[in-house]
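Please walk me through this structure, taking its strands, its helices and its aromatic side chains in turn.

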Amino acid sequence: ERQFQAQLERMDQQHKKAALQKKKKDHRKVQAVLKAAQRNDLYGVLGMKNWNLKLPPRELRLPGGLSFTIPGITIKETTEKQIRKQFRSRALQMHPDKNKDARAHEAFLKVEQAAAILTDTQQRAMYDQEQRLEWDERLQANRRLAMNTIRTVGIVTRRIVKTGHVILGPFFTSVVIVLAVIL
């Protein structure tokens, strides 16, 4: 940081502005890497998405005893070559000699660690499996939350209707219709 400030003092106004803009851009890149590392998103550390879209094999049974098997296909898969290419690009962006952010070295190490795991076939398979399990757990938790919310809304609605019947008596239906027309 001191070195950068010393360089800034020696620059003219136009170069100073460009250097400050580059440092701000470098800071955003470093922050993105560190946030992805904190979330344990190794693909995000490298600045990419894991698009492993696979369709499982399906068996179709037709009337008359005919059955066909449609083989499973992979629509899009992140390859090791893409990971290596993205690693080289991201490593250049995060290298402390190129990136003037104070935490560039830390981000550079995170990029190296992510690439080491994702380029090793066994470690990558384990990481992908862990991520799938975490995703499934979050999905189940969200489903439970949605079902609980729907159940609660149903209970509250029933109570409102019951209270409306008690208060309005025989006029309840006509009041509801008028309110529905107004709204």
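How many residues lie between β2 and β3 in the hairpin that they form? The model is a predicted one, and in it the hairpin of β2 and β3 has three residues between the two strands. Within that turn, G64 has a positive phi of about 95 degrees. Strand β2 covers residues 58–62 and strand β3 covers residues 66–70, and the two pair in the antiparallel sense over five bridges.

The helices come next. Two packed helices are described by the angle between their axes and the distance between the axes. Helix α2, which spans residues 13–38, packs against helix α4, residues 80–94, at an angle of about 125 degrees, and their axes are 10 Å apart. Because of that angle, α2 counts as oblique to α4, and the crossing of the two helices is left-handed. On the side of α2 the contact is made by K29, V30, A32 and V33, and on the side of α4 by R90, Q93 and M94. Sorted by class, this contact of α2 with α4 comprises four nonpolar residues, one polar residue and two charged residues.

Finally, the aromatic side chains: the structure holds one aromatic pair. Its members are Y43 and Y127, whose rings are tilted, with 5.9 Å from centre to centre and 45 degrees between the planes. Since Y43 lies in helix α3 (residues 42–45) and Y127 in helix α6 (residues 121–168), the pair ties together parts that are 84 residues apart in sequence.

Terms used:
Residues numbered from 1 in each chain as written. Predicted model: local features only at pLDDT ≥ 70, side-chain atom pairs only at ≥ 80, totals over all residues. Heavy atoms only, no water. Axes fitted to C-alpha atoms, helices over the stretch in contact; angles between N-to-C directions. Helix = DSSP H or I, 4+ residues; strand = E, 2+ residues; numbered from the N terminus. Parallel < 35°, antiparallel > 145°, perpendicular 65-115°, else oblique. Left-handed = near helix turned anticlockwise from the far one by under 90°. Contact = heavy atoms within 4.5 Å. Nonpolar A, V, L, I, M, F, W, Y, C, P; charged D, E, K, R; others polar. Pairing = 2+ DSSP bridges. Phe/Tyr/Trp six-rings, centres within 6.5 Å; stacked < 30°, edge-to-face > 60°.
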